[in-house]
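User: Please go through the salt bridges of this model with me, one question at a time.

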Amino acid sequence: HATMFAQACREIPCLGTTHADNFYGPVPVTRSLVRQEVEHAYEARTGDAIVERMRGMKALEVPGVLVANHGPFTWGKDAMASATHAIVLEEVARMAKGTLEINSHTQPLPAYLLNKHYLRKHGKHAYYGQK
């Protein structure tokens with residue numbers, strides 16, 4: 001499902017608390033690569049587009065990105081965390097797709113609820129979840 005959002009060049013909005021528990025806001029999407037970037041050093045230019053899109057964001061707060069017309073990329077403090085983020089990203093994308101099919105006017109989670117869910121697990125005074 002995350003690949004569908006990437007192919008549609010659409011970020012995954014934060015619509016619910018499962019998303020907010022793991023990603024501090026929407027899952028961003030990169031810009032599309034231009035012909036020259038695809039023809040010369042495609043893989044490096046893909047990496048450049050990811051870095052460009054994530055600039056100004058904290059990578060571990062948003063541990064994944066959708067590469068436009070391509071698919072999802074995730075990362076973490078180690079390989080296991082990266083794999084976990086990939087699994088969660090796929091589930092978040094599945095839920096967002098279903099939610100938007102049921103109600104295409106669904107609005108993103110309010111900031112106060114996003115903050116509560118993300119920060120209780122990852123914030124300075126985190127108290128929710130196992131260590």
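This is a predicted model: local features need pLDDT of at least 70, side-chain atom pairs count only at pLDDT 80 or more; totals for chains, interfaces and linings use all residues.

Analyst: Residues are numbered from 1 along each chain as its sequence is written, and side-chain values use heavy atoms, with hydrogens and water left out.

User: How many salt bridges does the count come to?
Analyst: A salt bridge here is a side-chain nitrogen of Lys or Arg within 4 Å of a carboxyl oxygen of Asp or Glu. By this rule the count is seven.

User: Which residue forms a salt bridge with R31?
Analyst: R31 sits in the loop between α2 (17-22) and α3 (35-39), while its partner belongs to helix α4 (residues 42-54), so the pair ties together parts 21 residues apart in sequence. Helices are DSSP runs (H or I, at least four residues) numbered from the N terminus. The closest N and O atoms are 2.8 Å apart, and the partner is E52.

User: Is R35 buried or exposed?
Analyst: Buried means under 20% relative accessible area, exposed over 50%, and partly exposed in between (1.4 Å probe, protein chains only). R35 has 66% relative accessibility, so the residue counts as exposed.

User: What is the N to O distance between K97 and E101?
Analyst: Both residues lie in helix α5 (residues 79-102), four residues apart, about one turn of the helix. K97 is partly exposed at 27% relative accessibility, and E101 is exposed at 56%. Their side chains meet in a salt bridge, with an N to O distance of 2.5 Å.

Conventions: Helices (H or I, at least four residues) and strands (E, at least two) are DSSP runs, numbered from the N terminus.
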